[in-house]
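Trainee: Could we go through this model together, one question at a time?

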Amino acid sequence: MNISLLLDTCGMFPLRQDRSSWSWRKILLIRPLIRNFIVCHIGDGKLGSAWFDDWPPLGPLNSLISTRDINRAGCNSKSTVSDIIENRMFKWPPDWLSKYPNLQLINAYVFTNEEDIYGWKKDDAVVFGFSVKNAWDSFRPRSAKVPWFSVVWYSQGIPKHSFLLWLVMGERLKMQDKLISWDIRDGSTPLCAFCKQCADSHAHLFFSYSYSANVWRMVQQMMILDIRSNDWHGVVDCVTPLASRNLAHVLVSKLCLAATIYDLWLERNNRIFKKVFRTEKQVFDAIFSNVRLQLMTIQFKSSSNVTRIREIWKLEDV
Ligand SMILES: [Zn+2]
């Protein structure tokens, strides 16, 4: 997607695409939103719309001047900036300056030989060279940063593990509600796929049930960071204060936590949907393998902790 495509969606240029498609109708609905972010940098004035583009410091002139007055002045909706400026003077009627006093704040442009170009407002700057990333960053909803942000999101993380951990942090995994229709007893309470005795829940799976607790205990032995808790909130509270620090043993702990969550969730789903079972040691081996492969891609600075990590995770042979 480039800026001309976006401008198409703003209705500034004729659309090359088929407007009748469902997807284009949906995209066109965002025109009022993205219009506020598009500015026109005037060069020769032959492309920018005199009335609808955001080129004057006051914003688009159509928000200031009525359509009736524009038509009375002999202009129309297709007028460009070069149509309304001549010899560094605006060509609009003199009475507009009393009717619309803010027009006196606009200086007439000195045209150049360059084409007008469109940019995207981002924070207090204008970006020329459109990217979807910048656009999304400009208008996406933002909330306050959660304290555990760095536990979940960091550049060395495994994306599918981070995503699942993010869901777990918000207790968003579909446990009770999703499986209720598949309940093996009376249709009221889905049971844990491991013990089949209590309710399927986040706290039970991470890591209060003995199966999960045993896996977590084996994983804990591979970490230098001492997390002596099988309680989910206790684990998160232990990792969170250190999570943003760029320390090798903290990184290992975060990778281990996310990998353990991922593989326990995978094991739980395999038991329910595929009737496939692994032992605690097999789940641990999968976690070890995943974390080790990720650690092999990371360059660590030498330290005593890194030496221990290399030994524990058998990275010396790499
Ligand atoms: Zn259970």
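Mentor: Let us begin with serine 49, which is found in the loop between S1 and helix H4 (67-72); helices (H or I, at least four residues) and strands (E, at least two) are DSSP runs numbered from the N terminus. This is a predicted model, in which local features need pLDDT of at least 70 and side-chain atom pairs count only at pLDDT 80 or more, while totals for chains, interfaces and linings use all residues. Residues are numbered from 1 along each chain as its sequence is written, and side-chain values use heavy atoms, with hydrogens and water left out.

Trainee: Is serine 49 buried or exposed?

Mentor: The classes are buried under 20% relative accessible area, exposed over 50% and partly exposed in between, with a 1.4 Å probe and protein chains only. Serine 49 has 14% relative accessibility, and therefore it counts as buried.

Trainee: Which residues does serine 49 touch, not counting those up to four places away in sequence?

Mentor: Contact means heavy atoms within 4.5 Å. With residues up to four places away in sequence left aside, serine 49 touches Trp55, Ser77, Ser79, Thr80, Val81 and Tyr118.

Trainee: What are the protein donors of the zinc ion?

Mentor: Donors are N, O and S atoms within 2.8 Å of the metal (3.2 Å for Na, K and Ca), and water is not among the atoms, so sites may look incomplete. In sequence the donor residues are spaced C-x2-C-x8-H. Lying 1.9 to 2.2 Å from the zinc ion, the protein donors are Cys192 (SG), Cys195 (SG) and His204 (NE2).

Trainee: How many residues apart in sequence are the parts that cysteine 192 and histidine 204 tie together?

Mentor: Both cysteine 192 and histidine 204 are buried. Because cysteine 192 lies in the loop between helix H10 (176-179) and helix H11 (202-208), and histidine 204 in helix H11, the pair ties together parts separated in sequence by 12 residues.
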